[in-house]
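Here is a short tour for anyone meeting this structure for the first time. Have a look at the sequence and the model, then read on.

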Amino acid sequence: MRRRLRLIGIGPGGPDDLTVAAVRALNDVDVFLVADKQRGVDDLVAVREEICRRHIAGDYRTIPVPDPPRDRAPSAYRTEVRDWHAARAAAYETVLREQVAEHETAGFLVWGDPSLYDSTIRVVERIRDRGVLDVDYDVIPGVSSVSLLAARHRLVLNRIGGPIVVTTGRRLAQEVAAGGDNLVVMLDGALECARLEGDWRIWWGADLGTSDEELVAGPLREVLPDIERARARAKAARGWVMDTYLLRRADGDGVVS
């Protein structure tokens with residue numbers, strides 16, 4: 001049983017933030033498999049539907065796939081995530097086998113870019129490894145929230161000749177302790193940067209690309225109240241917050257560039 005899949009990066013939320021390649025790929029898909037997270041994020045569903053309505057010229061259908069439950073604060077994080085990926089692979093394989101014909105192309109709409117803090121590629125590889133379906137797939141990159149954050153704040157993410165660490169809120173303290181001083185932080189629902197000591201500057205953004213986008217920049221200690229208020233506005237507007245930020249430690253003279 002052979003199935004053709006396309007993993008399409010659709011950007012962080014704005015219907016206009018798709019690449020030309022992504023739009024072409026959308027129009028090559030017969031059926032979209034969409035994770036139904038059942039967490040009341042109807043606005044995300046509406047954004048996805050608007051992207052399809054605006055950019056797809058022909059007919060297509062959508063199959064919601066209930067997302068397996070997952071412990072968000074497990075004692076063994078990696079094990080929990082691997083088990084979740086395995087459950088997702090089994091769920092998608094069942095739908096592909098029973099509801100998608102061999103001559104059809106199935107598509108996954110991936111928020112942001114499939115290569116950056118997203119599980120879709122790993123899940124599809126799990127399906128291939130299971131050996132029930134002969135899966136052929138390609139990946140179409142998307143505009144990531146990191147790229148959009150840099151554009152909105154008119155930033156160069158790296159210092160001159162310097163590295164960038166891209167990490168999560170969960171690992172922020174570890175990266176700082178290891179000497180990280182130029183960090184892009186994602187998936188930080190607890191705003192872990194508020195715990196940092198020292199002289200830091202932040203460039204922060206939430207719900208980037210949407211009509212309710214929020215941006216704040218400045219010395220971390222000074223603008224934290226502004227960020228907290230902006231997060232509250234974003235959540236009130238959409239019911240969810242997806243934020244990303246760049247943190248940069250100042251040197252002894254207070255220089256952060």
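## Ground rules

This is a predicted model, so local features need pLDDT of at least 70 and side-chain atom pairs count only at pLDDT 80 or more, while totals for chains, interfaces and linings use all residues. Residues are numbered from 1 along each chain as its sequence is written, and side-chain values use heavy atoms, with hydrogens and water left out.

## Two nonpolar cores

Let's start inside. A nonpolar core here is a set of buried Ala, Val, Leu, Ile, Met, Phe, Trp, Tyr and Cys residues joined through side-chain atoms within 4.5 Å. Buried means under 20% relative accessible area, exposed means over 50%, and partly exposed is in between (1.4 Å probe, protein chains only). The largest nonpolar core has 20 residues, and L5, L33, L96 and F108 touch the most other members. Several elements give two or more residues to this core, including β1 (2-9), β2 (31-36) and α3 (77-99). Helix α3 gives the most, with 4 residues. Helices (H or I, at least four residues) and strands (E, at least two) are DSSP runs, numbered from the N terminus.

Take L33 as a way in: leaving aside neighbours within four places in sequence, L33 is in contact (heavy atoms within 4.5 Å) with I63, V65, Y92, V95, L96, V100, A106, G107 and F108. There is also a second, separate core of 19 residues, which includes L191, W200, V223 and L224.

## Strand β10 and its partners

Next up is β10, where 6 of the 7 residues are buried, so this strand is largely enclosed by the rest of the structure. Two strands pair if DSSP finds at least two bridges between them. Strand β7 (residues 182-186) pairs with β10 in the antiparallel sense over 4 bridges, and V184 has L246 as its bridge partner in β10. Strand β8 also pairs with β10 in the antiparallel sense, over 7 bridges, with D243 in β10 as the bridge partner of A206.

R249 belongs to β10 (residues 243-249) and is partly exposed, at 29% relative accessible area. From R249 to G198 is 51 residues in sequence and 7.7 Å in space, C-alpha to C-alpha.

T210 sits in the loop between β8 (200-206) and β9 (214-219). T210 is buried, with a relative accessible area of 10%, and beyond its neighbours within four places in sequence, T210 is in contact with G13 and R238.

As for cysteines, C52 is buried at 4% relative accessible area, and C193 is buried at 0%. How many disulfides does a search of the whole structure find? The search finds 0, a disulfide being a pair of cysteine sulfur atoms within 2.5 Å.
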